[in-house]
Amino acid sequence: MKYDLVIIGSGPAGHKAAIAASKLGKRVAIIERNFRGMGGVCLHKGTIPSKTMREAILYLTGYRHRDVYSKQYRKKRRITMQDLRLKLASVAENELDVIHDQLERNGVEVFIGEARFASPHDVEVDCETGRKKLYGEYILVATGTKPSRPSHIPFDGKTIFDSDEILDLKQIPRSMIVVGGGVIGIEYAIMFATLGVEVTVLDGRERLLEFCDQEIIDALIHHARSLGMVFRMGEEVVGIERFSDKMAAVQTESGKRLVADSVLYTVGRVGDADELNFQAAGLEPDERGRLWCNEEHQTWVPHIYGAGDIVGFPALASVSMEQGRRVVCNAFNEPFEAFDIMPYGLFTIPEISMIGKTEQQLTEEHVPYEVGAARYREIARGQISGDTEGMLKILFHRETLRILGIHAIGESATEIVHIGQTVMSFGGTIEYFRNAVFNYPTMAECYKVAAFDGLEKMSLDRLFEEARLTKANAEQSAEDKSQTELDEQETIEV
C-alpha cells in the first residue's frame with residue numbers, strides 16, 4: 001500500500017499536514033491509535049478540554065463579573081467536577097466530527113491501530129482487521145507528547161495525578177500542591193484557586209515562566225496571591241508520598257514537607273512514541289523521547305519529518321498546525337510562506353499573550369527601546385467588563401519606532417495580540433496605532449492609548465535632548481566668546 005505521505009498521529013500537526021498534502025493531489029494516509037482519539041492530545045486531554053474547563057470556571061464562579069456585580073455574583077454555590085466537565089463531551093464531539101469530515105472530503109485514508117516502523121519507508125499498523133504495511137515516500141511523525149511519570153512517584157489518579165488524569169477527578173479537592181510551574185501547571189493551579197482551592201506551586205526554578213515578560217508575570221503572580229495561592233520557587237522536590245486515601249505529602253530538598261488533599265505533578269512531558277520502533281527507521285530520540293529536526297522539520301533521515309510537540313518547544317497547537325503545513329511544502333517542493341514571529345497564548349486567569357521580544361531580551365541585546373503601556377482601568381471597555389487589572393505593553397525601537405514586542409495580560413489578551421502581530425509582520429511602527437481608529441468601547445483601544453503613552457515619552461526625551469543641546473551650545477558660545485576676548489586682549493598687549 002504505497003502513499004506519497006504517511007502520517008503517524010492525528011493531532012494539529014498531523015491533521016493539517018494531511019489536508020495540505022491532499023490539496024496538492026497527493027495520496028495520504030494518517031494513522032491513529034483509536035477512532036475516538038482522532039485529534040490527538042490537543043482535543044482529548046490538553047488544549048480543548050482545559051480551555052473548556054477554564055470557561056466553565058469563569059462562568060460558574062462569576063469571575064468576569066466580580067467587579068461589576070460584587071463578589072456575591074455566582075451562578076452556582078457548590079461547583080462540582082461534573083459541572084466543569086458538562087460541556088467537554090459536546091465540544092470534543094463537535095471537533096471530532098469536523099476532523100473526520102475534513103479528512104473524508106479530502107480523500108485522506110485513515111488507519112486505526114498501533115503503528116511501528118518496519119524500515120525507513122515502511123510502517124506497520126496493527127488494525128482490528130489484521131496487520132497492514134504502508135509504504136511512504138515521505139513519513140511524518142506527529143505523535144505528540146504525554147505527561148512525564150517518574151517511577152518513584154505513586155500516581156493513583158485520585159490523590160496524586162498528572163495533567164491527563166486531572167480531568168477525571170471525582171470531586172474538587174480542598175487543597176492542592178502543584179509540582180511544576182510551567183504553562184500547564186500554572187494554568188490548572190490558577191483555575192482551581194479561582195474555585196477556592198488552597199493551591200501551592202512548587203518549582204525548582206527561581207523565576208516563573210521565564211520566556212514571558214517579567215512585568216506581565218509579576219502582575220499574574222500578584223493576582224494569583226490575591227486568590228490565596230502560595231509560590232515556593234527554587235524548591236527541588238525529592239519525594240511524594242500518599243499516607244491515606246485523601247492526603248499526600250511532598251518533601252523538598254530544603255527539608256520542607258507540604259501536605260494537601262491532592263498533588264498535581266506537571267514536571268515536563270515526554271514523546272509519546274514508545275512503540276514506534278524508531279531504530280528500524282534509523283532514528284534515535286533524545287532522553288525525553290523527542291526527535292531532533294532541522295528548520296524544515298526533517299530528521300537526520302531526510303524523508304522522515306517531525307512536527308508538533310514531539311519536536312519540543314514551543315509545543316503549541318497553533319505552531320504545530322503551521323509546522324505540519326511547512327513539512328508538506330518542503331517535502332513536495334512547494335513554496336512555503338509564513339511570518340517568523342509567532343504569538344504565544346497562556347490561558348491562565350487572567351490570560352496572557354505575547355509576540356516578539358521581551359524587555360529582558362532587548363536589554364541583553366543592547367537594543368534601544370521604549371515602552372508604551374495602557375491599563376485596562378483607563379479603557380471604557382475594561383470598566384464595563386469589570387477587568388481593571390489588565391494591561392497591554394508595546395515595545396518599540398527608539399530610533400526607527402518599529403514594533404519589537406507586544407505583551408498583554410487580562411480579558412481578551414489572546415485575541416487582541418493579533419492586532420499587534422499584523423502590524424509587526426509588515427514592519428509597522430508605533431505611529432500606526434496612534435493614527436488608526438479603533439471601535440469604541442473595545443479592548444483593542446488599548447493600542448491607541450499605549451501608542452500615545454510611548455510617543456509622549458519620546459517627546460519628553462526629545463525635549464530633554466533639545467535642552468541639553470541648547471545648554472551645550474550656550475556653554476560652547478560662552479567659551480568661544482571668552483577665548484575671543486582673550487585673543488583680542490593678547491593682541492592689544494602685543
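User: I'm looking at this predicted model. How do I read helices and strands, and where does Asp309 lie relative to them?

Analyst: Helices and strands here are DSSP runs, numbered from the N terminus; a helix needs at least four residues and a strand at least two. In this case, Asp309 sits in the loop that joins β17 (304-306) to α9 (317-331).

User: How many helices and strands does the protein have?

Analyst: There are 14 helices and 22 strands. The C-alpha trace spans about 115 × 60 × 50 Å along its principal axes.

User: Back to Asp309. Is it buried, partly exposed or exposed?

Analyst: The idea is to look at relative accessible area: under 20% is buried, over 50% is exposed, and partly exposed is in between. Asp309 comes out at 24%, so it counts as partly exposed. For the protein as a whole, buried residues make up 48% of the 494.

User: And which residues does Asp309 touch?

Analyst: A contact means heavy atoms within 4.5 Å. Setting aside neighbours within four places in sequence, Asp309 is in contact with Gly144, Thr145, Ala315, Leu316 and Ser320.

User: Which residues does UniProt list under "binding site"?

Analyst: The unreviewed UniProt entry lists Lys51 and Asp309. Lys51 is part of helix α3 (residues 47-60). Not counting residues up to four places away in sequence, Lys51 touches Glu187 and Phe347.

User: What share of the protein's contacts with a separation of 6 or more comes from residues 24 or more positions apart?

Analyst: Such pairs account for 63% of those contacts.

Definitions and conventions. Residues are numbered from 1 along each chain as its sequence is written. This is a predicted model: local features need pLDDT of at least 70, side-chain atom pairs count only at pLDDT 80 or more; totals for chains, interfaces and linings use all residues. Side-chain values use heavy atoms; hydrogens and water are left out. UniProt positions are given in the numbering used here, feature names are shortened, and annotations may be inferred rather than shown by experiment. Buried means under 20% relative accessible area, exposed over 50%, partly exposed in between (1.4 Å probe, protein chains only).
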